[in-house]
Amino acid sequence: MSIKDLLHTAWAHRRDLRSLPYSIYFNLHYLPFRTAIRLPILLYKPRLLSLKGQVKIEGRLKYGLVRLGFPTVSIYPNTGITFENHGGTVVFKGSCIIGNASALSVGQKGRVEIGDNFVSTTSLRLVAYDSITIGNRVRMGWDTLVMDTDFHKLTKLSGGYSRGHAPIKIGSNNWFGNGCRIMKRTQTPDYCITGAGTTLSGPVDVPPYSIVGFKQELVVKASGIWRNVDDDVIEY
């Protein structure tokens, strides 16, 4: 390899070099030594708020298999990745790219499984305090929120409370347009496109190879229920 090629390679991977100190620490903290020394997870400009729980890699293994926080979209802040795990489990089942201005938050009993060939280029917010399962070859557009909890419960006039959290399951080969909100109880089939700005909060009962989206209209989803801010703490 010529000097020119070496310089070109070094310049192309300059951000990898900047990410090495945090990446080395993160890999050694979460992964077995023989796995960690291959640096399968790279973090760029990370804010590591809590490093409890587990992070696992299943399937093939290579350097930079998982890339978190690297700048890919210029019009969003180059703020890297915010990561917090309060005791749950994160499983990467293959290659994963989560770009700049993104955050991953896992609760004490939360579980996240991300399938192979996952890409979210920027501003993903993924909050798992119950369970979030994402299939293979999924793409998520800018400003996508995936959240399996309300962080509060609701009081029923008839007695009792709402649960306040529920699993999310995303099928393989799904594509979400920018600004989607994927809330608790969402389940999507394989080969599904969700239009920009759509909010999902339950099973998407459509056949594969469908495009889904909802009109903006007022719907009464339940009655006899309210949020009592003095008694709204949920249990997982």
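Is R111 buried, partly exposed or exposed? R111 is partly exposed, at 30% relative accessibility (buried is under 20% relative accessible area, exposed over 50%, partly exposed in between, with a 1.4 Å probe and protein chains only). Keep in mind that this is a predicted model: local features need pLDDT of at least 70, side-chain atom pairs count only at pLDDT 80 or more, and totals for chains, interfaces and linings use all residues. Residues are numbered from 1 along each chain as its sequence is written, and side-chain values use heavy atoms, leaving out hydrogens and water.

**Salt bridges**
- The count is 7, taking a side-chain nitrogen of Lys or Arg within 4 Å of a carboxyl oxygen of Asp or Glu.
- R111 pairs with E113 at 2.8 Å, N to O, and E113 is buried at 17%.
- K93 joins R111 and E113 in a salt-bridge network.
- D150 and K184 have their closest N and O atoms 2.6 Å apart; the two sit 34 residues apart in the chain.
- In that pair, K184 is buried at 14%, while D150 is partly exposed at 27%.

**D148**
- D148 is buried but has no salt bridge, and R163, its nearest side chain of opposite charge, is 9.2 Å away (Lys and Arg count as positive, Asp and Glu as negative; His and chain ends are not counted).
- A polar atom of the D148 side chain lies 2.8 Å from the backbone nitrogen of Y129.

**Nonpolar cores**
- The largest core has 40 residues, with F118 and I134 among those with the most contacts inside it (a core is a set of buried Ala, Val, Leu, Ile, Met, Phe, Trp, Tyr and Cys residues joined through side-chain atoms within 4.5 Å).
- A second, separate core of 5 residues includes V127 and M147.

Terms used. A polar contact is a pair of N or O atoms within 3.5 Å; within protein, one must be able to donate a hydrogen and the other to accept it, and residues adjacent in sequence count only if both atoms are side-chain atoms. Helices (H or I, at least four residues) and strands (E, at least two) are DSSP runs, numbered from the N terminus.
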